[in-house]
Amino acid sequence: MWGTICDDQWKLNSANVICHMLGLPQAHAAPGNAAFGPGTGTIWLDEVKCTGNEKSILDCYHQGLGASSQCQHYEDAGVICGNITCEDILA
């Protein structure tokens, strides 16, 4: 079931784990505050803290699946994988 991750403690190391899981280049940014718009459904993870070497986001420290009680979708975490250039943005 799809859902989101809360941006509390969300850093580049955690975004790197997501990029790795997706088979994409390292994270360029880890935007929070629902930078790509608020998600819907369950907020699956909160207070995620990764070293960046984990194979799965579930291997990182977090409060437990679905354990977020304070987070709302306006706090959804985002990920930008790979290098972004002005040409990519204008394309």
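Author: Below we talk through the disulfides, the helix, the core and a few places in the loops and strands.

Reader: What kind of model is this, and how are the residues numbered?

Author: This is a predicted model, in which local features need pLDDT of at least 70 and side-chain atom pairs count only at pLDDT 80 or more, while totals for chains, interfaces and linings use all residues. Residues are numbered from 1 along each chain as its sequence is written, and side-chain values use heavy atoms, with hydrogens and water left out.

Reader: Cysteines first, please: how many disulfides are there?

Author: The count comes to three disulfides, where a disulfide is taken as a pair of cysteine sulfur atoms within 2.5 Å. With the bonded cysteines counted along the chain, the pattern is 1-5, 2-6, 3-4.

Reader: Which cysteine is paired with Cys6?

Author: Cys6 forms a disulfide with Cys71, and their sulfur atoms are 1.9 Å apart. This pair links distant parts of the chain, 65 residues apart, with Cys6 in the loop between β1 and α1 and Cys71 in the loop between β3 (42-45) and β4. The helices and strands named here are DSSP runs numbered from the N terminus, helices being H or I with at least four residues and strands E with at least two. The link of Cys6 and Cys71 is right-handed, with 90° about the S-S bond.

Reader: And are Cys6 and Cys71 buried or exposed?

Author: Both Cys6 and Cys71 are buried, where buried means under 20% relative accessible area, exposed means over 50% and partly exposed lies in between, using a 1.4 Å probe and protein chains only.

Reader: Where does the disulfide of Cys19 and Cys81 sit in the chain?

Author: The sulfur atoms of Cys19 and Cys81 are 2.0 Å apart. The pair links distant parts of the chain, with Cys19 in helix α1 and Cys81 in strand β4, 62 residues apart. Here the link is left-handed, with -95° about the S-S bond. Cys19 is buried, with a relative accessible area of 0%, whereas Cys81 is partly exposed at 23%.

Reader: That leaves Cys50 and Cys60; why is that disulfide called right-handed?

Author: The torsion about the S-S bond of Cys50 and Cys60 is about 105°, so the disulfide is right-handed. Cys50 and Cys60 are both in the loop between β3 and β4, ten residues apart, and both are buried.

Reader: Changing topic to α1: which of its residues are buried?

Author: In α1, which covers residues 12-21, the buried residues are Ser14, Ala15, Asn16, Val17, Ile18 and Cys19. What covers these buried residues includes β1 (3-5), β2 (27-29) and β4 (80-81). After α1 comes Gly23, whose phi is positive, near 70°.

Reader: What makes up the largest nonpolar core?

Author: The largest nonpolar core has twelve residues in all, among them Ile5, Trp10, Ala15, Ile18, Cys19, Leu45 and Cys60. Such a core is a set of buried Ala, Val, Leu, Ile, Met, Phe, Trp, Tyr and Cys residues joined through side-chain atoms within 4.5 Å. Helix α1 gives the most to this core, with four residues.

Reader: Which residues is Leu45 in contact with?

Author: Leaving aside neighbours within four places in sequence, Leu45 is in contact with Thr4, Ile5, Cys6, Ile57, Leu58, His62, Gly64 and Leu65, contact meaning heavy atoms within 4.5 Å.

Reader: Last one: which residue other than glycine has a positive phi near 60°?

Author: That is Glu47, which lies in the loop between β3 and β4. Gln9 is not a glycine either and has a positive phi of about 70°; Gln9 is in the loop between β1 and α1 and is partly exposed, with a relative accessible area of 38%.
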